[in-house]
Amino acid sequence: MKGGTIQISWHDGKPVLTLDFHPISGLLATAGADYDIKLWLLNSGQAEKKIPSVSYQSSLTYHGCAVNTIRFSRSGELLASGADGGELIIWKLHPSETNQSWKVHKSLSFHRKDVLDLQWSPDDAFLISGSVDNSCIIWDVNKGSVHQILDAHCHYVQGVAWDPLSKYVASLSSDRTCRIYVNKPQAKSKSGEKLNYVCQHVITKADQQRGDDTKTVKTHLFHDETLPSFFRRLSWSPDGSFLLVPSGSFKISPTSEAVNATYVFSRKDLSRPALQLPGANKPVVVVRFCPVAFKLRGSSSEEGGLFKLPYRIVFAIATLNSVYIYDTECVAPVAVLAGLHYAAITDITWSPTASYLALSSQDGYCTLVEFEDSELGEPVSISVGKKPVDGEERKHDLEKTDELMTEAIPDERSKQAESKQDEEKQKPLPSIITTEGEEKKQVMQKTDEVMTETRPEGEKQPLQSKVNTPVSSKPARRRITPMAIDP
């Protein structure tokens, strides 16, 4: 693995706010505060044992404001870009014998304020966007019109994600809530069922019970609006089995200081985190799964992996100043990248073959990391949409933790009944929280009984402006074992 910050003028020295790889050609698209989208060709540095480089290809000029998010469709034929002022543009690829050009296909107008994040549906027919106007909008791309508005958040929507199996969408807001919407199709005579997403879970707080007291203390699971980032980009795993949610703020005990964390939600129970990855010295702002799955290594699973899957999935977690790379077969990060930029990281993306990891920053530069052949493992295919995924994700290879219990209160009564049945069938397993410091000392910590609170869709909670505990700005050097919470 070799990488580093590429010292070129990416966007005239202005902040680079987003980037994404084309799923077919592997071209890298970047965008930022200069209003333009630029396409780059990556050049491998393996032969010379150097860091990779880029060659400028072309610019897509149309926006009149800073571009906050760009995402290619899965087919690679379309590109969506969201900008300040509510601008949302769909670009279409026009290939020719000599070159490929992108032209404005449609302009989607309805957001009143800045568009901060967006995501394509698995079939590229729909698009979901999140905005500073506190709403998420699901767009019908073919018609170029609004299909559905999800406006339950009471502050900026800074991250959205679409389930690769098309059943769920998720949104994350600076109102300290993560909302999970489930598709409940409405009958439609001509073209079959009509897409209709209904809020199923609102993840916001954890009820912690003191060991020597019957009283519970409610603590927020996410950072408030003082988080110094425009983005809280969440991500689904490529097989749809897990949802990774950033900007976590978790208290091990009611009196302890909050720990920056990333939450992992299992598809089997999206009402509360299945486990959390703590230890970052800065808040987590972006998470992204690698699109390629890899064959199990075998050795790490004996030491205690977090998941029992028939393959390994790799993902990257970006804080304001560092990147942690995990895989589902290891407890500790497989790599930690720090000290790369002078300003906050804004976005991360994987190349379609998992050869590159790219990240952008507000300091106006991007970093590229190149992986050697088979460094991450041997690729295997994933059968997205098969039911065995749900069965496999039930088994988490958990360490020993204290007893943890959750209570789900979905919107629909039927969902509540199903949740209660699941709780009766499942018994909490003991697990351990291990911290590995620089002197390699293991620290055992006990957590109180935790209960996750999910509010009904109709109930809004006023935004709280609670200032976060100051966090050290020293580079992250510790590897901290994730804490697992058994479903």
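So, the largest nonpolar core in this predicted model: it holds 23 residues, and Val 323, Ile 325, Trp 350 and Leu 357 are the ones that touch the most other members. Which elements give two or more residues to this core? They are β23, β24, β25 (322–327), β26, β27 (345–350) and β28 (356–361). The largest share, five residues, comes from β23.

Let's stay with Leu 357 for a moment. Setting aside neighbours within four places in sequence, Leu 357 is in contact with Ala 316, Val 323, Ile 325, Thr 349, Trp 350, Thr 367, Leu 368, Val 369 and Phe 371. Apart from this core there is another one, with 21 residues, including Ala 161, Cys 178, Leu 221 and Phe 265.

Now, if you follow the strands on your screens, there is an open sheet of five, ordered β26-β25-β24-β23-β30, and the pairing is antiparallel. At its edges are β26 (335–338) and β30 (379–380), each pairing on one side only. As a reminder, strands of a sheet pair through backbone hydrogen bonds. Inside this sheet, β23 (residues 284–294) and β24 (residues 312–319) run antiparallel and are joined by seven bridges. If you want one to click on, Val 284 has Thr 319 in β24 as its bridge partner.

Last stop, friends: His 223. Where do we find it? His 223 is in the loop between β18 (216–220) and β19 (235–236). Is His 223 buried or exposed? Its relative accessible area is 4%, under the 20% cut-off, so His 223 counts as buried. The side chain of His 223 also makes a polar contact of 2.7 Å with the side chain of Asn 260.

Conventions:
Residues are numbered from 1 along each chain as its sequence is written. This is a predicted model: local features need pLDDT of at least 70, side-chain atom pairs count only at pLDDT 80 or more; totals for chains, interfaces and linings use all residues. Side-chain values use heavy atoms; hydrogens and water are left out. Helices (H or I, at least four residues) and strands (E, at least two) are DSSP runs, numbered from the N terminus. Buried means under 20% relative accessible area, exposed over 50%, partly exposed in between (1.4 Å probe, protein chains only). A polar contact is a pair of N or O atoms within 3.5 Å; within protein, one must be able to donate a hydrogen and the other to accept it, and residues adjacent in sequence count only if both atoms are side-chain atoms. Two strands pair if DSSP finds at least two bridges between them. A nonpolar core is a set of buried Ala, Val, Leu, Ile, Met, Phe, Trp, Tyr and Cys residues joined through side-chain atoms within 4.5 Å. Contact means heavy atoms within 4.5 Å.
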